Amino acid sequence: MAILKSEIRNKFTTIPNSVVQAEDISDGDYRLLIYLYSLPDGWKINQGYLGQKMNCSRVNINKKISRIKQAGYLDVIRTRENNTDFIYVLKEKNVSVNDVSLRDVSSRNVSLSDTYINTNIINTKEINTELNIERKSAAKKFIKPTLEELKEYCTESSLSVDCQYFYDYYESNGWLVGKNKMKDWKATLRNWNRRNKEEKKENQKSIQEMLEEERKKNEQRRSS
């Protein structure tokens, strides 16, 4: 069987084959890396926007970026004009950042520390509009989490929940809570964690009651 590719006339992203075929980063990190490639040159890093797109927290976005950098597909450098500003450079794994052209990048005032989208860069108006729409619809739209995202959130929030069991349970019933579609998987995870703690306390209480009852029976036998 052969592969045929339809012609793409606009709205496409150029990504090196070495990045497309990368096998040394997780699916979640890979998805973020590909999305970063789709953004326009000069786009300011916005963890809130990326978090909505990846359905995870700002903290996890920063962790993903750190792992992508460690794998060699991204580097962070200081701008020549301002030592307090940084530029994210997307690159192939074995390419030195010194070999990447940075012409016209610093003039766009790209800042790692800013958490807003710059208003004087390419396609910013379109991205800002999309961000506002995402914020308004975030409460209504549910995107089911991956198993990796469940594990990351449990670790981040110190939750004691069997993530594989949780995922399999809701995957099998269509992500329903009772008869309703799940609205917030993080809240559901926290509820499971509270229920697990309560069940554990009840089990411990039952065991203590059984031991106490057994102790009284033994005392009665000895006294008789």
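Is Gly 28 buried or exposed, and what is its relative accessible area? Gly 28 is buried, at a relative accessible area of 16%, where buried stands for under 20%, exposed for over 50% and partly exposed for what lies in between, using a 1.4 Å probe and protein chains only. The model described here is predicted, so local features need pLDDT of at least 70 and side-chain atom pairs count only at pLDDT 80 or more, while totals for chains, interfaces and linings use all residues. Residues are numbered from 1 along each chain as its sequence is written, and side-chain values use heavy atoms, with hydrogens and water left out.

Leaving aside neighbours within four places in sequence, Gly 28 is in contact (heavy atoms within 4.5 Å) with Lys 64 and Glu 148. Gly 28 and Glu 148 are 120 residues apart along the chain, yet their C-alpha atoms are separated by 7.6 Å.

Helix α2 spans residues 27-38 and also holds Leu 32, which is buried at 0% relative accessibility. Not counting residues up to four places away in sequence, Leu 32 touches Leu 50, Met 54, Ile 61, Lys 64, Ile 65 and Ile 68.

Helix α3 comes next. Seven of the eight residues of this helix (residues 47-54) are buried, so α3 is largely enclosed by the rest of the structure. The buried residues are Gln 47, Gly 48, Tyr 49, Leu 50, Gly 51, Lys 53 and Met 54. Just after α3, Asn 55 takes a positive phi of about 55 degrees. Most residues other than glycine have a negative phi.

Two helix pairs involve α6. Helix α4 (residues 58-71) packs against helix α6 (residues 147-157) at an angle of about 115 degrees, with the axes 11 Å apart. Axes are lines fitted to C-alpha atoms, for helices over the stretch in contact, and angles run from 0 to 180 degrees between N-to-C directions. This makes α4 roughly perpendicular to α6, given that angles under 35 degrees count as roughly parallel, over 145 as roughly antiparallel, 65 to 115 as roughly perpendicular and the rest as oblique. On the α4 side the contact is made by Val 59, Asn 60, Lys 64 and Arg 67, and on the α6 side by Glu 148, Glu 152 and Glu 156.

The other pair joins α6 to helix α7 (residues 163-172), at an angle of about 135 degrees and with the axes 9 Å apart. That angle makes α6 oblique to α7. Here the contact is made by Leu 147, Leu 150, Lys 151 and Cys 154 of α6, together with Cys 163, Gln 164, Phe 166 and Tyr 167 of α7.

The loops on either side of α7 deserve a look too. Ser 158 sits in the loop between α6 and α7 and has a positive phi of about 55 degrees although it is not a glycine. Ser 158 is exposed, with a relative accessible area of 62%. Trp 175, in the loop between α7 and β3 (176-177), has a positive phi of about 60 degrees and is likewise not a glycine. Trp 175 is buried, with a relative accessible area of 4%.

Conventions: Helices (H or I, at least four residues) and strands (E, at least two) are DSSP runs, numbered from the N terminus.
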